[in-house]
Amino acid sequence: MKDEEQEDATDAAARLLQSNLRRNQQRELYSFLNVQKSASPEEIRAAYLRVASSYHPDRVTPSLRADSEAQFLKVDRAYKVLTDPLMRQAYDHLGERGLRLLQAVPAHELLPMRFPLEVAYILEELSAEEMQYAALSAQNSSGTITVHMEVPRPLQTPRLKQLSVDQQVEVSLTGATSLFGGLYVMNRKAVGIGMGYIGTRLQLGKGTWVSGTYVLSQKRKLTIETSRDLSRAVNVRVSLSGAESGNVGLKLASSRRVSASLMGTADLAVGTCEDEALAFGLTSSNGKRELTGRLRVSDSEVALKGIYENRISNAFQVKCVGKVGTRGLECMLGATRNLSSLTAVNFGLSMALDGVTVSIKARKGRQHIYIPIKISARLDPWSVLVGSVLNAGLNAGLVLLVRPFEKARVQRQLRMLEKELVEKQARERRNAAAQVRLMAEAAQRKAAAEKSAMKGLGGLVILVGRYGTSALPHQRPPDSDWYLPSREQDHNLDMASALDVRIALQFFVNKSRLYLPAGSKAGMLGFYDVAANPTWLLHASTSADDNDAGHSKSTAATFHAPIRPPHHRRKIRRDRPRLYIRYSYLGKVYEMSVDDIESVDLPPLDSSHTCLGLEGDVK
């Protein structure tokens, strides 16, 4: 059990790292221009002109022209998107994905649109089609191989009893239509039979589809099936089949979610094509444990079945099935081990009046193989003992064989994710450094102008600006020259917990006022997410303060996957970045500190900021 918890912790670390990597994959265009989402076109244009005056390639020195050309394209794109009503609506609705979907809409369909609801509607339709197409494309082949074996006498070699192969291929024609076909072949005691089938599936809308299947065999049959979500809690499925002989069969199935953890089902099958039956079921699930009860009444049997499933860990789950009916008793115990997100192996033991069977199931994607081995033709203690020992031995052997490879796989995944995250952060740092270099000259001019403003008393001048998890003044100050070209290959900057943003803040000062809208500052010009560091996953006690005090070694050398986070009762600490500003206004020095997502408005209308004294008296 301890090993299972450790494997869960390792998988949790991988998911946390993936989530951190996906977070803020795009810079908000509004933050890029330092405007609010509710900004008017005039405010966006004014913000664009302020930035473009320092970023345009014709207005910078030759040494900065390469940086200017790359950064000006991003600023210009942000301006074009936010000043176009349709593109802005698409971006507000779905972000960069909305812009990509909007490109698929013909121009003549966009011209009549005047209201945001129209744009939102067509984007939702395109998004649904895109997801359906991706799902159909990703799952285009499935199959099952079943090998029935039996042991004629104890301690003898199993022999083949029956072999069957069922393979299906699905091809997507459009975003909502697909064509599928399959082949089923069975060999039993040197006698083989086979049949093929073809069909089509049409997605009529969200939660509604219809399909048709034609079976090609000695007894041809056509089946029409449809499913519809009547509400968020109710689903109904209807299947109508007709055979070449004129027999007709009807199946009705419905499910209703009674509560968040309880679901009920009802099934009815009538006609001569199928065994007529009526069934009811009730399933209770809390995400980790699931209990199901089913009652089935048919022409040949009345049976009550209970199913209990327990997910012990992400990689291991057990299942118990008990059945009581007019045909006798049956009990099945099974354990499933997930080797990866696509691969799983299941070992089961089935005990019934007609014998004891050990089963092996394996899955790779949508391809399955099922091997039931009947070790006894009757139910007796010796057969149950042999089946239990065999099942446990197979499971233990799989664990011993697979666990080293599984640990190695997770280790490679974590190292790959760590490398990708570090490279991404380094790219964002170099991008922010290029932006600061373009801001520096304009920021110096603004600082000089602010010092002589307010009739010589002095306007708003940024003295200190720090952004990060160790941005407070009592902690070690960040490197003030991090943006210089000579520091681009300094890997120590990738492990920094704070960033000097004095130049960027002074650049955004306009007429003795600095306003930063609410939201993460990581998307602004001259900023990047210094908190996007994989080292915070190492230990719950690791923090920026420890690094600043010099009590820990470089985390780049101490990070070794697989990561094993602390016990689940101890929360992993990840401090959110803060912004610390010290500024002078009207000859006095003030300081303030805000959370990353809070807005900034300097100078304040009240006395909420701490006054440190006169400008000449404060160091």
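1. Quick term first: helices here are DSSP runs of H or I with at least four residues, numbered from the N terminus. With that in hand, Glu69 belongs to helix H4, which covers residues 65–83. Keep in mind throughout that this is a predicted model.

2. While we're on Glu69: its relative accessibility is 43%, so it counts as partly exposed.

3. The overall picture. The protein chain has 12 helices and 24 strands. Of its 619 residues, 39% are buried. Take the contacts between residues at least 6 apart in sequence, and 49% of them link residues at least 24 apart. The chain exposes about 34,600 Å², with carbon and sulfur atoms supplying 57% of that.

4. If you're looking at charge on the surface, there's a positive patch made up of Arg294, Lys305, Lys319 and Lys361. Arg294 sits in strand E11, residues 289–298. Patch members need over 30% relative accessible area. Arg294 has 45%, so it is partly exposed.

5. Ser359 is one to click on in strand E16, which runs over residues 355–364. Buried or exposed? Ser359 is buried, because its relative accessibility is 10% and the cut-off for buried is under 20%. Leaving out residues up to four places away in sequence, Ser359 touches Asn346, Phe347, Gly348, Tyr370, Ile371 and Pro372.

6. Now some backbone geometry to check. Most residues other than glycine have a negative phi, and most peptide bonds are trans. The bond joining Leu602 and Pro603 is cis, with omega at about -10 degrees. Pro603 is in the loop that runs between strand E23 (600–602) and strand E24 (610–614).

7. Ser512 isn't a glycine, yet its phi is positive, at about 60 degrees. You'll find Ser512 in the loop between helix H10 (502–507) and strand E20 (514–516). The relative accessible area of Ser512 is 9%, so this residue is buried.

8. Leu586 also goes on the phi list: it has a positive value of about 55 degrees and is not a glycine. Where is Leu586 found? It's in the loop between strand E21 (578–585) and strand E22 (588–595). Leu586 counts as partly exposed because its relative accessibility is 39%.

How values were computed:
Residues are numbered from 1 along each chain as its sequence is written. This is a predicted model: local features need pLDDT of at least 70, side-chain atom pairs count only at pLDDT 80 or more; totals for chains, interfaces and linings use all residues. Side-chain values use heavy atoms; hydrogens and water are left out. Helices (H or I, at least four residues) and strands (E, at least two) are DSSP runs, numbered from the N terminus. Buried means under 20% relative accessible area, exposed over 50%, partly exposed in between (1.4 Å probe, protein chains only). Contact means heavy atoms within 4.5 Å. Accessible areas come from the Shrake-Rupley method with a 1.4 Å probe; for residues, only the protein chains shown count as cover. Patches are made of residues with over 30% relative accessible area and no salt bridge: like charges are joined within 9 Å, nonpolar side chains (Val, Leu, Ile, Met, Phe, Trp, Tyr) within 5 Å. A salt bridge is a side-chain nitrogen of Lys or Arg within 4 Å of a carboxyl oxygen of Asp or Glu. Lys and Arg count as positive and Asp and Glu as negative; His and the chain ends are not counted. The place of a charge is taken as NZ of Lys, CZ of Arg, CG of Asp or CD of Glu.
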